[in-house]
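Colleague: Can you walk me through this one? I'd like the fold, the packing and a few individual residues.

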Amino acid sequence: MSGENNGKFYLYTRYERFWHWLQAALIIALAATGFEVHGSLTLLGYKRAVTVHSALGVAWLVAFAFFVFWIATTGEWKQYVPTTKKMFEVMRFYGYGIFIGQPHPCPKTPDAKHNPLQRLTYLALAAALLPFMMATGLLYYVYNDWAALGLGGLSLSAVALAHLLGAFAILAFLVVHVYMTTTGHTPLAHVKAMCTGWEDTHAEKPEDWEKRTA
């Protein structure tokens, strides 16, 4: 499905919306069970929390592998190519312009779903933070096999601390991300678009650097 309809354009595919909400659910569930394993919460009981957390971690790893395959085969990886063009304009908008009613310097379009600041943030998330969490979580998961895998020199406490710090970084991103969803032309506009796929056509045509190449 594509094109415009009743003042809207189709921005997010079904898979993008599925991946977005699946990842949100997995992150929240992983955080809850992870903090219970850490001893900060009491929800399922320690043993069950460990089992559920491990299963969710494997599910997240599989889902992330499908996401990487999807962006590689559809060309959507181009949406994450970083650029500094209009970076300061976007930062100034969120720091000042948004509070006085100025228009967004990089409105969303099908060819440019992410502004420069989002591109850098999402690239760092997908290429660094999420793989880091999966790697440290996987190391934690196979702890009993470290010696057989030649990893006997690793410190369990160091891996656990690294995984915990990564979890706090993801939670910080989640808080900021939820706030940013309220900064559309209406407080729920971005959430609605991620549910239906359709965005209001108040955006201007993208500049050349924002267009995906064939």
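Modeller: Here is a short tour, from the whole chain down to single residues.

Colleague: Ground rules before we start?

Modeller: This is a predicted model, where local features need pLDDT of at least 70, side-chain atom pairs count only at pLDDT 80 or more, and totals for chains, interfaces and linings use all residues. Numbering runs from 1 along each chain as its sequence is written, and side-chain values use heavy atoms, with hydrogens and water left out.

Colleague: How many helices and strands does the protein chain have?

Modeller: Six helices and three strands. These are DSSP runs, numbered from the N terminus: helices are H or I with at least four residues, strands are E with at least two. Along the sequence the pattern reads β-β-α-α-α-α-α-α-β.

Colleague: And what does the C-alpha trace span?

Modeller: About 55 × 35 × 30 Å along its principal axes.

Colleague: What share of the residues is buried?

Modeller: Of the 214 residues in the protein chain, 33% are buried. Buried means under 20% relative accessible area, exposed means over 50%, and partly exposed is in between, using a 1.4 Å probe and protein chains only. The chain exposes about 12,800 Å², and carbon and sulfur atoms supply 67% of that. Those areas come from the Shrake-Rupley method with a 1.4 Å probe; for residues, only the protein chains shown count as cover.

Colleague: How about contacts between residues at least 6 apart in sequence: what percentage join residues at least 24 apart?

Modeller: 68% of them. Contact here means heavy atoms within 4.5 Å.

Colleague: Now the packing. Which residues of the largest nonpolar core touch the most other members?

Modeller: W19, W60, F64, F67, L130 and I170, out of 19 residues in that core. At least two residues come from each of α1 (14-38), α2 (46-74) and α4 (116-141). Helix α2 gives the largest share, seven residues. By definition, a nonpolar core is a set of buried Ala, Val, Leu, Ile, Met, Phe, Trp, Tyr and Cys residues joined through side-chain atoms within 4.5 Å.

Colleague: Zoom in on F67. What does it touch?

Modeller: Y15, W19 and Y80, leaving out residues up to four places away in sequence.

Colleague: Let's switch to α3. Which of its residues are buried?

Modeller: Helix α3 covers residues 87-95, and M87, V90, F93 and Y94 are buried there. They sit on the same side of α3 because they cover an arc of only 125° around the axis. That arc is taken from the directions from the helix axis to the C-beta atoms.

Colleague: What does the face turned away carry, and what covers the buried residues?

Modeller: The face turned away from the buried side carries the exposed residues F88, R92 and G95. The cover over the buried residues includes α4 and α5 (156-180).

Colleague: Next, M133. Buried or exposed?

Modeller: M133 is buried, at 6% relative accessibility. Its place is in helix α4. Beyond residues up to four places away in sequence, M133 touches W60, H163, G166, A167 and I170. M133 and A162 are 29 residues apart in sequence, yet 8.4 Å apart in space, C-alpha to C-alpha.

Colleague: And where is T181?

Modeller: In the loop between α5 and α6 (189-196). T181 counts as buried, at 18% relative accessibility. Residues up to four places away aside, T181 touches P187, H190 and V191.

Colleague: Last one, C195. What does it touch?

Modeller: R17 and W21, again not counting residues up to four places away in sequence. C195 lies in helix α6 and is partly exposed, at 47% relative accessibility.
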